[in-house]
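Hi,

Here's the structure I promised to pass along. My notes on it follow below.

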Amino acid sequence: MENKEALVNYCLRIGDSSLVLAQRLAEWCSNGPMLEEDIALTNISLDLFGQSRMLYNYIAELNGKGETEDSIAFGRNERAFYNVLLSERPNGHFGDTIVRGLLVDAFNFHFYTQLQNSKNETLAAFAEKSLKEVTYHLRHSSEWVVRLGDGTEESKEKVQASLNDLWKYTDDLFEMNEDDIVLVADGIAIDLTAIKPLWLETVTSVVKRATLTLPENGYMHKGSRKAVHSEYLGHLLCDMQYLQRAYPDAKW
Amino acid sequence: MDNQGDVWEVFIQSKPGLAHKHVGNIHAMGKEMALQNARDMYTRRQEGTCIWVVKMEDVTSSVPEEDGSFFEPANDKIYRQATHYVMPEGSKNI
Amino acid sequence: MSDLDKFLKKIENNVKIEPKDWMPDGYRKHLQGQMSQHAHSEVIGMQPEGNWISRAPSLRAKVILLAKIQDEAGHGQYLYSAAETLGKSRDEYINELQTRKAKYSSIFNYPTLTWADMGAVGWLVDGAAIVNQVSLQKTSYGPYSRAMVRICKEESFHQRQGYEIISHMALGTPEQKEMAQDALNRTWWPSIMMFGPHDADSARSGDAMKWGIKVESNDELRQRFIDKTVQQAELIGLTIPDPDLKWNEERGSYDFGEINWDEFWAVVNGDGPCNDQRIDHHIKAHEEGRWVREAANAYAQKNN
């Protein structure tokens, strides 16, 4: 396969985004506003861990160098992670987590909808499975944004602030680089410029139902395509990779 | 108002064609949250194809003190059971 | 026949008591205490295991641990819901937990210091809980019994995952083996304390047995747990930290050493290593969730 490297990078981007967001959502365990919500958030986290594992295994297979899902997850430093910037944002309060969820879920929904048509059969099958999961994630986050936006004055104020704060990381979702160009030409990857209006439409309709205001487009942070991250990612990885790094010879 | 929400009784259909069966309850604020919470609580192991949720306060139950007047009158009406009837020797498919 | 006679006859004939049935006040109170303690234990028990989710050493171990803790949240919910049928709301039960009027299993007041503790907790703590819960499936209160049946079905993988973790470590590198033995050393005694005081010292056990809430005594259940666990430790080369542990041919059971009841009561009464941390964590999450619950309630009132 000629464009193997591009394909590997592409899979890393999707897998890393799922992994990092899953790791973040798992932090909610025993911290949710209700027992039922603890279960809901960890369900989403489990789906996302599952997605990252599928892609890491695929990458290992593509590379054929004896890597495993774990060596890929635990063996790379922050400058080799390609997760979108939104995924590493700290959980903040429940509203921050929910808004981050909405912005990512809406992206994933349209992304996987289109990726189902990828000429790469593995990616197409992966997208089909993932779409079912993210459709539910989007429903979960959308309904919560509506409840919080149209709930009390306090909740409206909080969740509007979450939306305003996180908005500046949304353009990063749609960044494309040379890998995209090569793979789009092959019919493997998705032209992200095409899904941006779909994403905006979904987000806008939820924001409207939630009686919130869509933020103005100001300065946008980017960098995930070049593995340039916030400081938060390093700490997340430190935690996640600790045992594998401290005991490299051990099998668990 | 801060509380854990209403209690909703949860009914799950485990396969198409089967009746919805009561499995327990969950707390939720509103119908959509009740459905989602029921889904996350009771179908994590592929237990279901359809979920009903009903607010507990909307369920009316008979009470044990009425056991006698409610259920015992059915005891002597065994003619409602198919096994009550003796079919002629040799009859089939009935 | 008096209400009490009818009630006792049902217990005698193994007919379950249901929420709307008449029951003695003491029966209701005992159940409220026991079931809420059980529910709180599931919920507080999420914390010591949750301590290792972010650091699980493989993606497989991570999702298994997360799924297991999630089950525990679910089991807490089933138990609160069964306890609510006794005429007390989950809000009231939670309030009793946070004001320390209610107890939960003291085992969760010990810290989880290494990954091997995830093994020891699953293997020993869930193992002890399962012995207790299997027995409680036969409890006389219908909603409690049904919750136990469901919980036992779901928990079948919990103990196995713990044993898998600790056996990999016990058979792994010297450092791993050391962590495994250390976890067993720290977890063994607290796990066998989980069954509660000796029958002779257990004040409320008598009523609980008479009313069919408990079907087997603390000492019977503790013995069953020890008997089945010793072989599992030996198989993976770990030593149970009890010099008096010895097979008793005559009884067909293991004899074991004296439990440190001073430690047990100290932890029960709030002086375990993590009592404050666990309750503070619970209160913090609850307080931080207040505005969310309020918003959801306000929204539901406008839109239902």
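How are α1(A) and α10(A) oriented to each other? They are roughly perpendicular (65 to 115 degrees): helix α1 (residues 4-26) and helix α10 (residues 231-246) of chain A pack at about 75 degrees, axes 11 Å apart. Axes here are lines fitted to C-alpha atoms over the stretch in contact, with angles from 0 to 180 degrees between N-to-C directions, and helices are DSSP runs (H or I, at least four residues), numbered from the N terminus. In contact (heavy atoms within 4.5 Å) are A:L19, A:V20, A:Q23 and A:R24 of α1(A) with A:Y232, A:L233, A:L236 and A:M240 of α10(A).

One caveat: this is a predicted model, where local features need pLDDT of at least 70 and side-chain atom pairs pLDDT 80 or more, while totals for chains, interfaces and linings use all residues. Residues count from 1 along each chain as its sequence is written, chains are lettered from A and ligands numbered from 1 in the order written, and side-chain values use heavy atoms, leaving out hydrogens and water.

Now the A/C interface. Chain A puts 47 residues into the contact and chain C 44. Together they bury about 3,900 Å², 69% of it on carbon and sulfur atoms (accessible area lost on being put together, 1.4 Å probe, summed over both). A:L35, A:L46 and A:W252 supply 17% of what chain A buries there, more than any other three residues.

The rule finds two salt bridges across this interface (Lys or Arg side-chain nitrogen within 4 Å of an Asp or Glu carboxyl oxygen). A:D150 and C:K302 also meet in a salt bridge, at 3.1 Å, N to O.

Cheers

Conventions
Helices (H or I, at least four residues) and strands (E, at least two) are DSSP runs, numbered from the N terminus. Angles under 35 degrees count as roughly parallel, over 145 as roughly antiparallel, 65 to 115 as roughly perpendicular and the rest as oblique. Buried area is the accessible area (1.4 Å probe) that two parts lose on being put together, summed over both.
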